[in-house]
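Colleague: I am new to reading protein models, and I would like to learn how you back up the words you use. Could we look at one together?

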Amino acid sequence: MADLRALFSSNNPAFDAAEAFTDRQHQWALVAAALEEHLRRTSTPGYDVEDLEAPRTNLIVFHGVGGVGKSTLLRKIEAALSGAEHRPDQWGAPTWTQPLLPIRIDLSRSASTGSDFERVILTIRLALAGALGRTLPSFDVALRHYWEHAHPGEPLDEYIRRTGLSGRFAEMLPQQLQAGVGEVAAALALPGLVGSAAGQLTNALVSALRERQARAQALAGATRTAALLEATPDLEALSYYSHLLAWDLSRLPAKKAITPVVLLDTFEDTGDRHRDFERLLQRLVWLMPNVFFVIGGRSRLPWADPALHGQLDWTGPAAWPGLATDSASLTVPQPRAAGSGARQHLIGDLSPEDCEAHLARRLVQDGQPLISADIRAAITARSHGLPLHLDLAVSRFLEIRRTGRTPAPTDFDCTFPALLARTLSDLTPEERHLLRSVALLDAFDLDLATQTAGLTHQAAARRLTERPLISENPYALWPYHLHRAIRSAVRDDQHSDDRWTDADWHQAATRALAALGDQWTKAAAHGPSRMLLVACLRQGLRLARDHRLTGLGWLIEAAYVYTDDSVWEPLALPSPTDPAPDTPADAVAELLTAITRRQREHRQRTADRLTAVLETGLLPAELTEMALYYRAKAHKDLSQNDAARTGMQQVADADGRLALKARRGLANLARLAGDFPTALAAVPALGWQGRHHRVLGDIRWSEADTGLAVAAFEAGRAEAEQHGAAGERAMMQVRLALAVSFADPDRAEDELALAHQLLEGLDQRSNTLLALVVALIKEAGTSGVTDRAQGLHAEIEAAGLPFLHRFVELALAFHHAVRGEDQDLADTINRLRALTATGDFAYFTDIAHFMAALPLPGPSTIRWTTSEDDVRSSWRGLVEDRQEHLLAGN
């Protein structure tokens, strides 16, 4: 089908503008299954069209945000039901053989007043006039009676032309009505009534039906015909006349039998305060159970909601079992395995592949897409799968070409006012205010939305979440989020009458930040929630940075809690190309991002970023020591230990929140320099905050005192579990596996497996790499260790963690000592000596000598907590134990 608007937007007739339809195969499968079930049920012997109590399943509903493609889908379904040539090949052939009559009605043209229900009824009857070519006597007599009462003196054919309902069947309906009058008059043996007023014929028919005249009952004998004809022929009665139309359809001879499929598009336009038009349409669906209805609208059809009792005639899940709400039918697309009973489905966004296919087929020249691949990719990324955005982008593409300029991908990094106008059109002022408020949030719940909007009640937020522009994930921390394309359009709005000023956005962002802090603070008072902490930090930091907020308050405390546990979930804030921080919020965001990204960046990059943020002077005083501390840790990992000691001492002297951790860092630096007594002396004062068990365990395993090292690490792991510190628990487990790996490779297998399990999801890169070193030590003495060590060196270099090179070489020294490979061991010792030339980790070189029972080349500067001979003996004993273990295994 040609897109005439696109076709007439250019002087170039060489390209084809097609209204490209993107495959909605899943939705067609849902329609086909529901329609097949409907046909099977209505063709069952004994099916009674007059049963007004049976639940109704003769409908299927597609709802979704404006511009998602509901109308396009309904038009395509209409075409596919009209003839196989209009059905996409991928949809497949249906299984039914019964003739169908698709009738699509755009309710946006029929909803200005409640009386426009007439248009719906007449559209259906006109379609039947053309398809059947015969009268439907019960309904036609009732319709004629209604018409003369509601439109006195106005011929029906003239009304049809005046209201735009005219078509190729427009002349047939008045003729069929007249023929219906003749049939009834003939049945009553009163031919003189043919030209009389409808009221006279109606009265005669009612009398005949009351007297149970056989010919009258055969022609118009639905049980309730007489009662309906006796009622005042107003709009209410007209809606009940649909029962007569259903009865007439059920009485058609087999050769004439047909099943209408009525497609009601833009159902949201029926909405009014009292649901007057909706009530009439629901009556139509209920009273015509042998007709199948496909309904498309922006909102979920709430007829199964018992709360509507009294506003509509039939409500509740017993009446409409397929419309009953559940976790899938509200705002989440139904799974492909959804049962056939489900009758309500969200139309989701198009996939990137479907967007690409749509744009490629939309405009074609010489058999090739007119829109280039890079522009299609840019449009797809910005659309977030919303079909309306795609079509608006195509219009923009043509507009740019008309200026004589070649469109570029950057031309489509924009939003469209028309998209926002469609979204806002059916929202109340309070809902529009809420929509802008939640556009600030990545995700939200009713409380967050209400507080961000500055409201005192949640009712408006609840109403907004029921609209399809809000998606729900009931398993998420905050279940709701605004459609991303609409969110961008709201944030970029420069055209709507009630758009926000910069001050409005700033005030709402301030309220949102306070609401996030309130949620986190209240939850933390009842117990730690890592998930809530990270989620609040992600949203809070972005709000503070983007809106230049100054009252950071709870963000400072949250930053400390975040770093305490060493889990390092990505906060995904600034990118490397972002400008330098120029507000305190920028500085805090950069600080936490640099600390987190050190798990994925070279430690030199971390040190540089932290130096830069310190030099801005924008960090709140409470967080300056955090930047100093983590820069010192980065220096330590880079083996820049003089700088590390300076930074740690600076933090320790400040005696702030990180003083104990800094003192632990100084103790570790003393150990790395070979001053074990000084490191040991610091342990008692460290406590849990200073991770005393970790410091002690590192001292003990370095001296080959496996028993005391394991005891310290087990105690540290237990303490971490008591405090709910998953990051520290994983670190303790890796070190426990390290201590065990030299002495007991069988137990090390289990401890290492647990370490990998505890590291899962924590993003602790240095500990993950250390666990790989532990695996080498566990396998020492077996083949393949040397090759694996070379690969591990490459990973360590890429991570910017040079201190771990020493651990790999220590593992190799143990391996060569066990195997008695003297030359390989000598080479390893030479590499270790070069790696420890600064003095840090120099004790690894001594340990390598001890393992092979080699004398030291000269006096050692290492100060052990016990005698050098005891340490030598312990390390040599571990080598001999491994040799015996390998022999026993052979």
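Modeller: Happy to! Let us begin with Leu 249: not counting residues up to four places away in sequence, Leu 249 touches Leu 128, Leu 132, Pro 260, Met 288, Asn 290 and Val 291. Please keep in mind that this is a predicted model.

Colleague: What makes these residues contacts of Leu 249?

Modeller: A contact means heavy atoms within 4.5 Å. Met 288 is one of the residues that Leu 249 touches, although Leu 249 and Met 288 are 39 residues apart in sequence. From C-alpha to C-alpha, Leu 249 and Met 288 are 9.5 Å apart in space.

Colleague: Where is Leu 249 found, and why is Leu 249 called buried?

Modeller: Leu 249 is found in helix α11, which covers residues 235–250. Buried means under 20% relative accessible area. Leu 249 has 7%, so Leu 249 is buried.

Colleague: How do you know whether Arg 283 is buried or exposed?

Modeller: The same test works here. Arg 283, in helix α12, has a relative accessibility of 2%, and the cut-off is under 20%, so Arg 283 counts as buried. Among the residues in contact with Arg 283, beyond its neighbours within four places in sequence, are Glu 236, Tyr 240 and Asp 313.

Colleague: What makes the link between the side chains of Arg 283 and Tyr 240 a polar contact?

Modeller: The distance is 3.5 Å, and a polar contact is a pair of N or O atoms within 3.5 Å, where one must be able to donate a hydrogen and the other to accept it. The side chains of Arg 283 and Tyr 240 are therefore joined by a polar contact.

Colleague: Why is Ser 702 called buried?

Modeller: Ser 702 has a relative accessible area of 0%, and buried means under 20%, so Ser 702 is buried. Ser 702 is found in helix α30, residues 692–702. A polar atom of the side chain of Ser 702 lies 2.7 Å from the backbone oxygen of Asp 698. Leaving aside neighbours within four places in sequence, Ser 702 is in contact with residues including Phe 676, Trp 864 and Trp 875.

Colleague: What makes a space in the structure a cavity and not a pocket?

Modeller: In a cavity a 1.4 Å probe fits but cannot get out, while a pocket is open. The structure holds three cavities of 30 Å³ or more, and about 620 Å³ of space lies in the largest cavity. Of the 35 residues lining the largest cavity, Lys 633, Lys 636, Arg 694, Met 731 and Arg 735 lie nearest its centre. Helix α28 gives the largest share of that lining, six residues. By class, the lining has 13 nonpolar, eight polar and 14 charged residues.

Colleague: What volume does the largest pocket have, and which residues lie nearest its centre?

Modeller: Its volume is about 910 Å³. The largest pocket is lined by 26 residues, with Gly 271, Arg 275, Ser 299, Pro 302 and Arg 467 nearest its centre. The largest share of the lining, three residues, comes from β5.

Colleague: How do you know where to be careful with the model?

Modeller: I look at pLDDT, the predictor's confidence in each residue, from 0 to 100. The protein chain averages 84, and 88% of the residues score at least 70. Over residues 327–340, however, pLDDT stays under 50. Where pLDDT is low, the predicted coordinates should not be read in detail.

Terms used: Residues are numbered from 1 along each chain as its sequence is written. This is a predicted model: local features need pLDDT of at least 70, side-chain atom pairs count only at pLDDT 80 or more; totals for chains, interfaces and linings use all residues. Side-chain values use heavy atoms; hydrogens and water are left out. Helices (H or I, at least four residues) and strands (E, at least two) are DSSP runs, numbered from the N terminus. Buried means under 20% relative accessible area, exposed over 50%, partly exposed in between (1.4 Å probe, protein chains only). On a 1 Å grid over the protein atoms alone, a cavity is a set of points where a 1.4 Å probe fits but cannot get out, and a pocket is an open set with protein on both sides within 12 Å along at least five of seven lines; lining residues have an atom within 4 Å of a point. Grid points are joined across faces, edges and corners, and a volume is the space filled by probe spheres set on the points. Ala, Val, Leu, Ile, Met, Phe, Trp, Tyr, Cys and Pro count as nonpolar, Asp, Glu, Lys and Arg as charged, and the others, Gly among them, as polar.
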